[in-house]
Amino acid sequence: MNKKLVLAGGGHAHMLTLAHLDEFTNKGFEVTVIGPDTHHYYSGMGPGMLGGIYRPEEIRFATRDLVEKKGGIFKQSQVIRIEPVQQTVQLSSGEVIPYDALSCNLGSQVPDDLVQGSLDDIFLVKPIERLYRAAQRIRELSTKKNIKIAVVGSGPSAVEIAGNIWRLGQEPNMHEPVITVFAGRSLLPSHPTGVQQRAATSLAARSIKVMKNCRIAEIQTGQLTDAQGTRYDVDLIFVAVGVRPNRVIGESGIPTGPQGGMLVNRYLHSTQYKNIFGGGDCIDFQDRPLDKVGVYAVRQNPLLKHNLMASLTGERLRAFEPGGKYLLIFNLGDNTGILSKWSVVVGGRLAFFVKDWIDRRFMRTFQAFE
Ligand SMILES: Cc1cc2nc3c(=O)[nH]c(=O)nc-3n(C[C@H](O)[C@H](O)[C@H](O)COP(=O)(O)OP(=O)(O)OC[C@H]3O[C@@H](n4cnc5c(N)ncnc54)[C@H](O)[C@@H]3O)c2cc1C
């Protein structure tokens, strides 16, 4: 019987495997890809989509079309459980899919523990596709009045989201929203001082208020409450409080690491189950902690593709080498950015130009396979 490969999630770490899926199907392997949406959205351009720089179709990959074109099976559903002993995955649709090799690229989620009640007018910054709905909602409300928008969080996505909401507010016929970033202790606390200063200056110059030392304890539609009990009435809330790995893996009894992702060794397979691979935000790399950035997911692509094939054909696995320091560029929403690597920090239009060029090139490369 043909061996079965299952790709759980069609995220950034599976891009190369998806692009060359025919190499698997041509060898007679049955490949099934599972994802909640027919498309996968590129997070690096998500804030830019919110701000209106990019259209949704410019920042997404047509996962289902690609999979089917390459001879695979696409299931639009969510993986809700993995049974590593029986070698099956359970889908929210009720289907159970058997596998010989499984690769998890299930990403991460924004914790919603602070949210009480419904998510009406509350936007977690993931999944990225929701940011398009957020932009529509801002447009709807801002044509009538100056609305108040809160961004809860202090990291890069909070800065990018705030800057791009500002951009959206500059569209004609809009009343400019009042934007406040509730930054906990400080803005970009784990970034170099030069990056922090540039971000703070950029936001302040556009009247985006940053509330430091203000830890939000509760979020509900229309209202935030901080740790001291002070309440803030707002119209829309964005939650950018960091991410945690998809819980499906831990809940399935597969060993997880300190951050809650699937614990994988240098071959990017589970430390306990040799036929369960993983990449991107849903893994904890055993050798050293990796930041939850798309850069690592992208770097894992060639290795995952090779090792998935090797695990099915019996060839030798290769070890993943995470590489050195990576380039970080933030899109501030006003055609400027902040670029940082090693001790170099560059702000302004050049930084955004470089980010836009890299991101568009990435999209072109993989959209070409569609
Ligand atoms: C606003 C924002 C901006 C960012 N900008 C950058 C940046 O510029 N550069 C950078 O390096 N990093 C950036 N990051 C971090 C980056 O998003 C993540 O590190 C990256 O998305 C990880 O890729 P991934 O494929 O592991 O996860 P994801 O991109 O989350 O992909 C996971 C995939 O799995 C699917 N999925 C989820 N649950 C299930 C399920 N149960 N069953 C089946 N499929 C499922 C999802 O639909 C998705 O397609 C940003 C993050 C955010 C929130």
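Trainee: Anything to know before we start?
Mentor: This is a predicted model: local features need pLDDT of at least 70, side-chain atom pairs count only at pLDDT 80 or more, and totals for chains, interfaces and linings use all residues. Residues are numbered from 1 along each chain as its sequence is written.

Trainee: Which domains does the protein have?
Mentor: Domain 1 (4-109 + 243-325) and domain 2 (122-241). Those bounds come from an automatic or database domain assignment. Their C-alpha centres lie 31 Å apart.

Trainee: How many residues are in contact there?
Mentor: 14 residues of domain 1 contact 14 residues of domain 2. Contact means that the C-beta atoms, placed from the backbone, lie within 7 Å.

Trainee: Which elements are on the domain 1 side?
Mentor: Helix 3 (46-51) and strand 10 (108-109) each give two or more residues to that side. Helix 3 has the largest share, six residues. Helices (H or I, at least four residues) and strands (E, at least two) are DSSP runs, numbered from the N terminus.

Trainee: What sort of residues are on that side?
Mentor: Six are nonpolar, seven polar and one charged. Ala, Val, Leu, Ile, Met, Phe, Trp, Tyr, Cys and Pro count as nonpolar; Asp, Glu, Lys and Arg as charged; the others, Gly among them, as polar.

Trainee: OK, the ligand. Where does it lie?
Mentor: Both domain 1 and domain 2 give residues to the shell around the ligand, so it lies between them.

Trainee: How many residues surround it?
Mentor: 35, and the closest are Gly9, Gly11, Ser43, Gly107 and Gly280. A residue counts as near if its C-beta atom, placed from the backbone, lies within 6 Å of the molecule. The shell divides into 14 nonpolar, 17 polar and four charged residues.

Trainee: And which elements give two or more residues to the shell?
Mentor: Strand 2 (30-35), helix 3 and helix 9 (294-313). Helix 9 gives the largest share, three residues.

Trainee: Let's stay on helix 9. What span should it have?
Mentor: At 1.5 Å a residue, its 20 residues should span 28 Å, and the end C-alpha atoms are 29 Å apart, which agrees. The expected span is 1.5 Å times one less than the number of residues.

Trainee: Where is its kink?
Mentor: At Asn301, shortly before the proline Pro302, and the angle is about 40°. The bend is the angle between axes fitted to the seven residues ending there and the seven starting there.

Trainee: Which of its residues are buried?
Mentor: Among them are Tyr296, Gln300, Leu304 and Leu308. Buried means 20 or more other C-beta atoms within 10 Å of a residue's own, exposed 12 or fewer, and partly exposed in between, with C-beta atoms placed from the backbone. The cover over the buried residues includes strand 1 (4-8) and helix 1 (15-19).

Trainee: New topic. Which peptide bond is cis?
Mentor: The one joining Lys126 and Pro127, with omega about 0°. Pro127 sits in the loop between strand 11 (122-124) and helix 5 (130-142). Most residues other than glycine have a negative phi, and most peptide bonds are trans.

Trainee: What about the phi of Asp121?
Mentor: Positive, about 60°, although Asp121 is not a glycine. With 17 C-beta neighbours inside 10 Å, Asp121 counts as partly exposed.

Trainee: And Trp342, buried or exposed?
Mentor: Trp342 is exposed, with 9 other C-beta atoms within 10 Å. Its phi is near 45°, also positive.

Methods:
Contact = placed C-beta atoms within 7 Å.
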